[in-house]
Amino acid sequence: MKAAVFAKAGQMVVNEIEKPTIQQPDDVIIRVVRACVCGSDLWAYRGLDDKAADSENSGHESIGIVDAVGDAITTVKPGDFVIAPFTHGCGHCPACLAGFDGVCQSHTDNFSNGNQAEYVRFQHGQWALVKVPGQPSDYSEGMLKSLLTLADVMATGYHAARVAHVKAGDTVVVLGDGAVGQCAIIAAKMLGAKQIISTSRHADRQALAKEFGATANVADRGDDAVKQIMALTNGAGADAVLECVGTELSTETAMQVGRPGAVIGRVGLPHTTKMDVTAPFYNNFSLAGEPASVTTYDKQRLLKAVLDGQINPGKVFTKSFTLDQIDDAYQAMAKREAIKSFVVVSD
């Protein structure tokens, strides 16, 4: 089968490798229909993370058709259309029962890799996989895009809002204008936020943020951004801050624009060498966040919201590619020519 391979920083290639097989009783083999590139994939692609040359792609978002199941799998069968979350919760450990399946306590191999390929082995599939009614051919390409966001970015944006306790009437600041930040805006609106401040420096991303529910935008960074956000909140600061980047600057900004008692929902993959927790102490900030509870959110709310047309997060995909064009898909995001790259793998 064809699979994307991380050749080296700045280069993805497509190689022929062996199709995955069932190795454990709770494995599921999925024929990938659609995949994509995540902002977190770009850290290694840009040379900012250590990653071995000629290694498996870090792609972790896909939708597809169940091809084979292990003996322990009873919830899905070959031919089912499924969302493959990037997390692999068990559904019955204390973390999963509390709604935090992103940090499932039943196993250590809780995260997907290798989804930028024609087939993928999904471990611990009994509870984690999310069935979609019908078949991919029953849906428009736009709907397939929205369904694909439920493998990661829409659920991750929702997680930021959930752990920050966003509620009706709140003022929310969203740091980050990528797909997760855009989805965090959708989530804040879903939960009833009245004022949502986006933080984009790009006209196309500002426009999408406004369409999703942002009421204002701050394009500056650092101290200037803090001053503008505080002015927009009449000097009070936000009730909730959704940090969707993971850099030291975005983390520092998050801890400067919340009101006393605010909750900061952190879902940006952390790339901070250190964090000064003095500010949270003296401002009574709460820091929350972890890998998203993808399966929980999809099953409880997000899948229905997409199928009912309540939300349309698939609009974060602004360019489409084939699997053979995977390096172009990465380049488009690295150059900020695409908010998120959509990869058509098979029919």
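I note that the model is a predicted one.

I then listed the contacts of Leu242, leaving out residues up to four places away in sequence. Among them are Ala160, Ala161, Val166, Val172, Leu175, Ala184 and Gly265.

**Sheet.** I traced an open sheet of 6 strands with parallel pairing, in the order S11-S10-S9-S12-S13-S14. Strand S11 (216-217) and strand S14 (286-288) are the edges, each pairing on one side only. Strand S13, residues 258-266, joins S14 in the parallel sense over 3 bridges. For Ile264, I found the bridge partner in S14 to be Leu287.

**Rings.** I found 5 aromatic pairs in the structure. Tyr45 is in helix H1 and Tyr330 in helix H12, so their pair ties together parts 285 residues apart in sequence. Both Tyr45 and Tyr330 are buried.

Phe81 and Tyr139 also form a tilted pair, because their planes stand at 50°, with ring centres 6.0 Å apart. Both Phe81 and Tyr139 are buried.

**Charges over rings.** I checked Lys19 and found it over the face of Tyr119, 4.3 Å from the ring centre. The charged end of Arg162 sits over the ring of Phe100, at 4.4 Å from its centre.

Notes
Residues numbered from 1 in each chain as written. Predicted model: local features only at pLDDT ≥ 70, side-chain atom pairs only at ≥ 80, totals over all residues. Heavy atoms only, no water. Contact = heavy atoms within 4.5 Å. Pairing = 2+ DSSP bridges. Helix = DSSP H or I, 4+ residues; strand = E, 2+ residues; numbered from the N terminus. Phe/Tyr/Trp six-rings, centres within 6.5 Å; stacked < 30°, edge-to-face > 60°. Buried < 20%, exposed > 50% of the residue type's maximum accessible area, 1.4 Å probe, protein only. Lys NZ or Arg CZ within 6 Å of the ring centre and 35° of its normal.
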